[in-house]
Amino acid sequence: MAFRRWWKLQAITVLLAVGFAAYFMLQNFLFWSYSVQHSGFRWQHADLFRSSKETFWGSSLSELEDWRLLEDDSAAARLPSCTLPRFRNGSRTVDGGTRCHRKQPSAESCELAEEYFKDKNPPSCGPHHEICTLKFDDTKQYLHCHPDACLSGVVVLGTFQDGDLTWSPFSKAGDMEREFQHLVETRDPSVEGGIAFIHCQENEEDNDIDGEKDRNDIYSTSVSRDYSHFSDFIRERQLLIFPNITKVISPYHAPKGGESNVNVNLIFLDSISHSHFFRILPQSVEQLRRMDRGKNHHVFNFDRMQSLKGRTFENLQALLSGRFSDKVRVLSTEPMFAALKRRGYSTLYHQDLCWKWEWGLSRDFGFDKEKSSMQARWDLLRRKMSAALIDDIGATLTSCEVHHSNGDNDPFHADNTCYNGRQHSWYILEYAKQVQALYRRAGRPYFQFVELNIAHNDDGLRAKSLDGSLKEYLEYLSSVKNTLTMIFSDHGNTYTPYARTVPEGRIETYHPFLFILAPRDFARVVGRSGMEALARNQDKLMTHLDIHLMLRYLANDSSIPTDQRLSEYDFQPRGLLDPISPSRDCLSLPLFPNTLCTCVSRSRNTTHRSSQLLLADLGLGVLNNLIQAQFQSNSSKQRAFYSSCHKLVGTSINDVKESIGRRNMTRVDMRVQVKPGHPFQSDEQFSFTFNISWEHRLLSFIGYERLSIYRKYEACNDPRVHPRICICDAKNVKSVDSNSTDPPDRYAKVFGLASSPQKLSPCLYMVERRRQAGMVLEAINQCGNATVEFHLHVVARHVAASAGLPARYVVGGGRSLFLVAFIAIGRTSNWDINYAVNITSEVYH
C-alpha cells in the first residue's frame, strides 16, 4: 500500500514538472517572439544566403564594440544574433589551426545597418527616351532617328575630337544620320572612341555650340555657369555606344603547346565592403549563385579579404604592380601589361571618372596638376596611356559629359549619376560588354579593367542603383567562355554615418569583397592544384597582392618585377592559385599604418590607460606641428598661430588595439576624438598608429587617417594646410592671430587634463601634462615679434621617449611647438624625469 502511494506521488511529481517545463518554454517562446518583433529587425529570406533556414546578419557582440553598448546586458540579450553574409553556407574545406577569424558583427550593429540601409533607396533616374536607334546589319552599323525626333528644335551631334566634344547642329535628323555614318566609317576608335552624344535643343539661335568647349575648363572652382545656361535649352539627351576594335587590337601570337590564352576581365567597384555587397545588391548575388549552379563557371567568394589601406590607390597599385608603398603616386601598369601584350593581349581600361578632372586617369597616371590647354592635356593623356601600355580607354570618354550634365565634375558627392534615364554605370558596363563581344568574334585575347565609383558617396545607398545593371552584365557573362572575371572592391565606404559611428562599420571599411568567376575548364590553365587552392583559400586571409601574384602567373612571365619586400612576408608564388597558410595573420602582411586588421585579436592591451592618452597626445602634437609648419612655410604672416586651421585638441580615445609586430615592437592603434582649440562646434575623428620599441626606448608616431568628413571645411580651409588635418570655422574665416590666442594660463584641457605652463622668459612658456604613466612637453612663444631658440636637456629613468635628447628647438613668433612625450617602462609608478631648458637666444623682429 505504501509502495502504491509512493508511486502515485512520484507520477504526480513528474507530471507537474513536465507541465511547468512546458509552461515556461511557451512563455520564453512568446517573450522571444515579442522581442524579435519589437527590435526593428525583419526576417531575411533564407535564399539570400543559400541556407536551409532563415537567418540574420551578425553574431555575438564584437570585442571592438564601444563599452556603452555593453552597459545593459539584458538589452543585448534581447537582440537577435546575426552572422556575416556568405555566398554559400554549405560546408567548406577549412584547414585546422586557421589563425585569422573575422571579428563578428554585434546584434546592435546589425540593427543599425538595417536602420541606415534597409527600405531606403537613392533617387531614380527617371524615364529613358531614344531620339535615334543604332541599327546593325551583316556589314555595317547605322543610325536611324525616329520620325518625330526634335521636331520643334535642332538635333545636335556631339563627337570627340582631340579628347573634347565637338557639337554639330542639324536642322534635319536625316542630315545627322549621314554625318554619323561618315563618322563610323572614317573615325579612329583609339583616339575618338565608339561614343557619341545626341541632344535635342529648343532653337538654334540660343545655342552656344561653339562656346560649349569653354565649359571644359573644369579646373575652375565650380562647374561652368555657361554650361548650366546651355543645358537650359536641352530637351532630350542620348548617349550612343558603338565600339570598334579594328585599330586597337594587338598582334596575336598563339601560345605554344596547344594552350590558349584566357581572357582576363576585372570589374572594380570602389567603396563596397563584403557585407555591403550582399546587403545592397541582392539581384547580383542571386545571379552569381545561378552562374555557380550553371554549366559555364565556378564562382569563388573570398570572405576573408583584407585591405592594405583604407584608400583606393594603394590597393590598386598592389593589384596591378605588386608594389605596396604610399610614397609612389603614379599607377604602374606597364610591367604587367607588357607581359600580356607579348602574349597577344589587348589592354582595355575604362572608368566612370572624368579624365580632365583631378581624379581618375589624371591622378592615377600623374598629370592631375597639368593646367595647359585642352589639346595639350589630351596629347599628354595619350602619351601617358601609351607609356602605360593601355590600348583603349573608350568608355572613360563618356564620363566628363555625364557628370557635367548633372552639374558635377565627379560622382563622389552627387545624389545620382544619371544620363537619359540610366545610371552612368549602365553605359560603362554596356560598353565593356560590347567590346568583349567584338573580341570574342575576332578570337583575340583581352585584359579589361573596369572601374565604377557609384558606391563612393556619403550615404552608401546610391550603389543600390548598380544592382540592375550589374545583374544584367552578369547575365551576359554567364554565357561567356574562356574568360576569367574578378569582381572586387578596394575597401568599404569610409564616409557613411555607419562607417564613422558604428564599430562594425569601421571594420567593414577594411573588409572588401572578391568574387572570381572561373571558366569550368579553367583547370587546363592552372591545373587541378590551382582549382583546389582557389576553393580552399576562400576562407583564408588574403589581399590585393595575392590577386596580383595570380595575374602575374596567368601572364606567364616570371620577369614581371614585384616589390622586393614581398619575400619578407607570407606570400605564395602563384598567389591565390597556391594554398595560403592557415597560420597567416595580419602580422604576416604589409598592412599600412592605421589599417584595421579584420581578424579577431588574440592579444590583450598591456599598456596603461594613461600611456595610451600620452600616445594620443603625441599624435596630436605631431599634427599640430605639421599644421603650423605647412602654414608658415607658405606664409609671410609670422604672427599667426594656426592660420584658419585651428589647433587640434583631444577629448577622448577608444578602440585601442595592441599587437606585437615585426622586430618585437608593440604596435598601438586607436581612434581619437578631437575638437578645435577655439570655441565653435565641431567633433572630429582620427585614427592613429604608433610603434613602441621597449628595447630602444623609442616612441614612434607612424601614421594617421582622418575618419570624419573634412569636405565640409572646404570654404574655410587654408589652402596652405592639407585638408586632412584642418578644422576651421566656416562662419568666421580668419587667421588665428597670436594676439587673440588664449594665454598659456588658460590653455585648453587635453584629454581632460589641464596643462601646467611655466614662464621661462618674457616670451617662452613651457607646458607640462603629467599623467600616471609619463608626461609630455610643449613650448609656447607668446611674443608675436620674437624668435626663441633653446636647448632641452633631460635626465630620465625607466621611460621611452619620442625624440632623441638633448635637442635644440627654435620656436617662431606667436607659435607653439610640441616637443616630446615620455612613457614609463614597466610599472607606471617607477619612473622619473628631470629636465632643464637653456635659452640661447630671443631675437625680436
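How many bridges join strand S22 to strand S26, and in which sense do the two strands run? Strand S22 (residues 786-797) and strand S26 (residues 832-844) run antiparallel and are joined by 12 bridges. Here, strands are DSSP runs of E with at least two residues, helices are DSSP runs of H or I with at least four residues, and both are numbered from the N terminus. Two strands are said to pair if DSSP finds at least two bridges between them.

Before I continue, a word on the basis of this talk. This is a predicted model, in which local features need pLDDT of at least 70 and side-chain atom pairs count only at pLDDT 80 or more, whereas totals for chains, interfaces and linings use all residues. Residues are numbered from 1 along each chain as its sequence is written, and side-chain values use heavy atoms, with hydrogens and water left out.

I turn next to strand S25 (residues 816-824). Nine of its nine residues are buried, where buried means under 20% relative accessible area, exposed means over 50%, and partly exposed lies in between, with a 1.4 Å probe and protein chains only. S25 runs antiparallel to strand S21 (residues 774-781), and seven bridges join the two. One of the facing pairs is Ile780 with Ser816 of S25. S23 also pairs with S25 in the antiparallel sense, over three bridges, and Ala800 has Ile823 of S25 as its bridge partner.

Now to backbone geometry. Most residues other than glycine have a negative phi, and most peptide bonds are trans. Leu805 and Pro806 are joined by a cis peptide bond, with omega about 5°. Pro806 belongs to the loop between strand S23 (799-801) and S24.

Two residues other than glycine have a positive phi: Asn482, at about 55°, and Phe751, near 50°. Asn482 sits in the loop between helix H15 (466-477) and strand S13 (483-488). Phe751 sits in the loop between strand S18 (698-706) and strand S19 (756-759). Are these two residues buried or partly exposed? Asn482 counts as partly exposed because its relative accessibility is 23%; Phe751 counts as buried because its value is 8%.

Next come contacts between residues separated in sequence. Cys132, in strand S1 (residues 132-136), is 13 residues from Cys145 in sequence, and their C-alpha atoms are 3.9 Å apart. Cys132 has 0% relative accessibility and therefore counts as buried. Leu576 lies in the loop between helix H19 (544-554) and helix H20 (609-633). Leu576 and Ala533 are 43 residues apart in sequence, with 6.6 Å from C-alpha to C-alpha. The relative accessible area of Leu576 is 0%, so this residue is buried.

I close at the surface. Which residues gather there in a patch of positive charge? They are Lys295, Arg440, Arg441 and Lys481. Patches are made of residues with over 30% relative accessible area and no salt bridge; like charges are joined within 9 Å, and nonpolar side chains (Val, Leu, Ile, Met, Phe, Trp, Tyr) within 5 Å. A salt bridge places a side-chain nitrogen of Lys or Arg within 4 Å of a carboxyl oxygen of Asp or Glu. Lys295 is in the loop between helix H8 (282-293) and strand S8 (297-301), and its relative accessible area of 72% makes it exposed.

Definitions and conventions. Accessible areas come from the Shrake-Rupley method with a 1.4 Å probe; for residues, only the protein chains shown count as cover. Lys and Arg count as positive and Asp and Glu as negative; His and the chain ends are not counted. The place of a charge is taken as NZ of Lys, CZ of Arg, CG of Asp or CD of Glu.
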